[in-house]
Amino acid sequence: MDKEKILVIGGAGYLGAVLNEKLLNEGYFIRILDSFIYGKKAVEKYSNNRGVEIIEGDIRNIETVNSSMRDTGCVVLLAAVVGDPASKARPQQTIETNYLASQVVASSAKINVIKRFISASTCSVYGVGKDILDEEAPLNPVSLYARTKISSEESIMAISDSTFMPTIMRMSTLYGYSPRMRFDLVVNTMTMTAFTEGKITVFGGSQWRPLLNLYDAADAFFKVIEADLHKVGGKIYNVGSEAQNYRITEVANLVAKGIKEASGRDIPINIEGENVDARDYRVSFKKIQNELGFNVSHTIPQAAKEIWQKLESKEIKDPKQKVYYNHYFDSSEELVG
Ligand SMILES: NC(=O)c1ccc[n+]([C@@H]2O[C@H](COP(=O)([O-])OP(=O)(O)OC[C@H]3O[C@@H](n4cnc5c(N)ncnc54)[C@H](O)[C@@H]3O)[C@@H](O)[C@H]2O)c1
């Protein structure tokens with residue numbers, strides 16, 4: 001596709017912050033639409049960048065959504081209330097944003113003749129499953145978050161035709177350092193508790209979870225943006241790698257390995273009681289690998305090492321601040337000094 005402007009909705013978030021950089025490095029112009037629930041830190045650096053336009057607005061406002069579509073060749077929808085704890089804390093906002101507003105965004109893109117539309121979904125739609133689950137596997141959501149993501153997928157796909165060709169990206173649980181950091185994602189949480197408490201605590205630990213580095217996730221979005229639209233339009237992809245379907249205890253060991261490399265320290269892993277998260281599933285990523293040649297190139301130990309170094313260098317001063325945990329809906333930036 002020509003280097004048209006890409007509308008990145010939710011571009012100030014954890015994944016958006018990394019995807020923006022990737023798109024800019026590849027020569028795209030971007031327009032970021034975000035309500036900045038978690039502050040503006042990730043996009044402040046673009047204030048004098050002529051390749052970036054920033055709109056502060058809420059996708060629950062139809063006028064905001066519709067006017068943000070002008071002169072764009074592609075829409076990437078990342079904005080959502082993200083994660084089970086956040087959706088539990090604000091169920092109405094979750095339904096409004098993840099389902100109802102995402103329908104409006106898709107309809108607005110379609111009427112504005114924007115064919116290429118890429119929406120972030122999650123492997124959490126599978127919830128619990130025994131087999132290795134591909135895109136045709138039954139959905140088994142165990143949270144409001146996952147239910148709203150399924151409803152969003154269905155409503156976007158329902159208006160798919162030759163004039164509007166959406167792609168749904170069911171991503172694994174992300175990990176790694178982002179300019180908009182989250183410490184409520186399993187790898188990041190484990191690295192943070194190793195740093196602050198000197199140990200990693202695992203609840204249960206035998207449950208399976210697919211993991212994906214956020215730079216690999218941004219690469220997957222990029223592949224879809226650049227692909228022939230007839231190849232990716234109207235499709236759902238699981239995004240991740242089968243090699244990174246892990247049991248949570250394995251994740252803890254890989255985090256400890258990265259920290260050992262970063263600091264020389266041996267971090268003890270305590271396994272306690274019951275799993276508090278009902279999700280337990282393994283996912284097949286053959287479709288995206290076969291059709292788009294997508295392979296991951298980042299690992300958990302590398303990410304844990306990088307996050308540890310950010311903590312040690314005090315680039316992140318206080319990882320316990322509310323701004324790093326979605327369910328607090330906190331927009332205060334990390335205090336300087
Ligand atoms: N992080 C993960 O592990 C993961 C895994 C699978 C799927 N996903 C999906 O990827 C997407 C991005 O997730 P993330 O981790 O970057 O989350 P995030 O919470 O860091 O980012 C979401 C962004 O959306 C914005 N937003 C929320 N509601 C809005 C609204 N009504 N109007 C405008 N902006 C709004 C927020 O301000 C925030 O900047 C989400 O759709 C999420 O469901 C994330």
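Lys-314 lies in the segment after H11. In this predicted model, Lys-314 has a positive phi of about 65° although it is not a glycine. Lys-314 counts as exposed, because it has 8 C-beta neighbours inside 10 Å and the limit for an exposed residue is 12 or fewer.

**The segment after H11**

- Phe-329 also lies in the segment after H11.
- The phi of Phe-329 is positive, at about 50°, although this residue is not a glycine.
- Most residues other than glycine have a negative phi.
- Phe-329 is partly exposed, because 15 other C-beta atoms lie within 10 Å, a count between the limits for exposed, 12 or fewer, and buried, 20 or more.

**The chain as a whole**

- The chain contains eleven helices and 14 strands.
- A compact globule of 337 residues would have a radius of gyration near 20 Å, and the value of 19 Å for the chain agrees with this.
- Along the principal axes, the C-alpha atoms of the chain fill a box of roughly 55 × 50 × 35 Å.
- Of the 337 residues in the chain, 47% are buried.
- Among contacts between residues at least 6 apart in sequence, 79% join residues at least 24 apart.

- The chain is divided into domain 1 (6-172 + 212-241) and domain 2 (175-210 + 243-277 + 297-328).
- The centres of domain 1 and domain 2, taken over C-alpha atoms, are separated by 25 Å.
- In the contact between the domains, 23 residues of domain 1 meet 16 residues of domain 2.
- On the side of domain 1 that touches domain 2, the elements giving two or more residues are H1, helix H3 (84-89), E10 and helix H7 (214-226).
- That side of domain 1 comprises 14 nonpolar, seven polar and two charged residues.

**The surroundings of the ligand**

- The ligand is surrounded by 30 residues, of which the closest are Gly-10, Gly-13, Tyr-14, Ala-120 and Leu-174.
- Two or more residues of this shell come from each of helix H1 (14-25), helix H4 (91-111), strand E5 (116-122) and strand E8 (173-175).
- H1 gives the most to the shell, with three residues.
- By type, the shell around the ligand has 17 nonpolar, eight polar and five charged residues.
- The ligand lies between domain 1 and domain 2, because both give residues to the shell around it.

**Helix H6**

- Helix H6 (residues 186-197) has twelve residues and should span 16 Å at 1.5 Å a residue; its end C-alpha atoms are 16 Å apart, which agrees.
- The buried residues of H6 are Val-186, Val-187, Asn-188, Met-190, Thr-191, Met-192, Ala-194 and Phe-195.
- These buried residues pack against E8, strand E9 (200-203), strand E10 (208-213), helix H9 (248-263) and helix H11 (300-312).
- Gly-198 follows H6 and has a positive phi, near 75°.

- Ala-106 is buried, because 25 other C-beta atoms lie within 10 Å, where 20 or more are required.
- Leaving aside residues up to four places away in sequence, Ala-106 touches Phe-117, Ser-155, Ile-156, Ile-159 and Pro-166.
- Ala-106 and Leu-24 are 82 residues apart along the chain, and their C-alpha atoms are separated by 24 Å.

Technical notes. Residues are numbered from 1 along each chain as its sequence is written. This is a predicted model: local features need pLDDT of at least 70, side-chain atom pairs count only at pLDDT 80 or more; totals for chains, interfaces and linings use all residues. A residue is near a molecule or strand if its C-beta atom, placed from the backbone, lies within 6 Å of it. Helices (H or I, at least four residues) and strands (E, at least two) are DSSP runs, numbered from the N terminus. Ala, Val, Leu, Ile, Met, Phe, Trp, Tyr, Cys and Pro count as nonpolar, Asp, Glu, Lys and Arg as charged, and the others, Gly among them, as polar. Domain bounds come from an automatic or database domain assignment. The expected span of a helix is 1.5 Å times one less than its number of residues. Two residues are in contact if their C-beta atoms, placed from the backbone, lie within 7 Å. The radius of gyration is taken over C-alpha atoms; the globule rule is 2.2 Å times the number of residues to the power 0.38.
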